[in-house]
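Have a look at the sequence and the model, and then we'll go through them piece by piece.

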Amino acid sequence: MTTPRPAAASAGGPQLKSVSLREQAREAVRTRIVLGQIEPGQVESVINVAATLGVSVTPVREAIMDLANLGMVEIIRNRGFRVPVLTDHDLDEIFRIRTMLEAPAMADVVQALNGAPVPQFRQLAEQITDAAREGDLVSFLDLDRQFHLGLLEVLGNRRLVGMVSQLRDQARMQGLQKLADQGELTQSGEEHIAIVDAIDAGDGELAAELMRKHLAHSRGIWAGRQEAGG
């Protein structure tokens, strides 16, 4: 499994290649939403987003339709789209459901692997840590998504993967930039390495507990603080 690092965004936003523009636009807008770079509650122009991404309006419009189907945006007829406003209660619900799904799943992952090495996840964990250390938020989010969903894919339960993927899309991480600027995001990256260590050691109980603590830490990141109960 190869995991190439995506290119870092330019100062004006990520510039897209000419291949699979719809998919690239969807991922670029998804990242901007999760990072809170698109202000929730405000109507955004598809034309303005297309200009920021350096592409035509058509792939962006198609991407926005895809995101609307996922519940990430609301289409505003003849005006553009809007990102729904999430309260702290909404984010707490997302955190709790992810914890109920992902933490115990780690014990199942250890059992399913049955001692098989997972170098692809160690590589991802190290790349996540590097991206955190460098403050490369686009790469951090992309690699983090690959890591979490990839581990769940080991179980062969596509509904579980789909549910966690949707929950990730619904979260907001406005605090990510702040912690990166303060050099405090690296700890989150290193937590991925600890989870892989536990999986490699065949310790399902430890892997589950480390995932629970990692998600609690992530909830703190969503709010722009270092910890959120652990």
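Let's start with a helix pair: Phe121, Leu124, Ala125, Gln127, Ile128, Ala131 and Ala132 in helix 5 meet Ser139, Phe140, Leu143, Asp144, Gln146, Phe147, Gly150 and Leu151 in helix 6. "Meet" here is contact, that is, heavy atoms within 4.5 Å. Helices are DSSP runs of H or I with at least four residues, strands are runs of E with at least two, and both are numbered from the N terminus. The residues of this helix 5 and helix 6 contact come to 10 nonpolar, 4 polar and 1 charged. For that sorting, Ala, Val, Leu, Ile, Met, Phe, Trp, Tyr, Cys and Pro are nonpolar, Asp, Glu, Lys and Arg are charged, and the others, Gly among them, are polar.

A word on where this comes from: the model is predicted, local features need pLDDT of at least 70, side-chain atom pairs count only at pLDDT 80 or more, and totals for chains, interfaces and linings use all residues. Residues are numbered from 1 along each chain as its sequence is written, and side-chain values use heavy atoms, with hydrogens and water left out.

**The whole chain**

The chain has 10 helices and 3 strands, and along the sequence they run α-β-α-α-β-β-α-α-α-α-α-α-α. Of its 230 residues, 47% count as buried. Buried means under 20% relative accessible area, exposed means over 50%, and partly exposed is in between, using a 1.4 Å probe and protein chains only. Among contacts between residues at least 6 apart in sequence, 73% join residues at least 24 apart.

**How the helices pack**

Axes are lines fitted to C-alpha atoms, for helices over the stretch in contact, and angles run from 0 to 180 degrees between N-to-C directions.

| Pair | Angle | Axis distance |
|---|---|---|
| Helix 5 and helix 6 | about 155 degrees | 9 Å |
| Helix 6 and helix 9 | about 20 degrees | 12 Å |
| Helix 4 and helix 7 | roughly 145 degrees | within 10 Å |

Helix 5 packs against helix 6 at about 155 degrees. That makes helix 5 roughly antiparallel to helix 6. Helix 6 and helix 9 pack at about 20 degrees. That makes helix 6 roughly parallel to helix 9. The cut-offs are under 35 degrees for roughly parallel, over 145 for roughly antiparallel, 65 to 115 for roughly perpendicular, and oblique for the rest.

What about handedness? Helix 5 passes helix 6 in a left-handed crossing, the crossing of helix 6 and helix 9 is left-handed, and helix 4 also passes helix 7 in a left-handed crossing. Left-handed means that the near helix is turned anticlockwise from the far one by less than a right angle; clockwise would be right-handed.

Which residues of helix 6 meet helix 9? Phe140, Asp144, Phe147, His148 and Leu151 do, and their partners in helix 9 are Ser188, His192, Ile195, Val196 and Ile199.

In soluble globular proteins, nonpolar side chains tend to be buried together. The largest nonpolar core in this model has 57 residues, and Val60, Met106, Phe147 and Ile199 have the most contacts inside it. Helix 6 gives the most to this core, with 8 residues. A nonpolar core is a set of buried Ala, Val, Leu, Ile, Met, Phe, Trp, Tyr and Cys residues joined through side-chain atoms within 4.5 Å. Setting aside neighbours within four places in sequence, Val60 is in contact with Ala25, Val46, Val49, Ala50, Leu53 and Val55.

Ile76 sits in strand 2 (residues 74–76). Is Ile76 buried or exposed? Ile76 counts as buried, at 15% relative accessibility. Not counting residues up to four places away in sequence, Ile76 touches Val43, Phe81 and Arg82.

Asn78 lies in the loop between strand 2 and strand 3 (80–82), and Asn78 is exposed, with a relative accessible area of 79%. Its phi is near 65 degrees, a positive value in a residue other than glycine. Most residues other than glycine have a negative phi.

Asp136, in the loop between helix 5 and helix 6, counts as buried at 14% relative accessibility.
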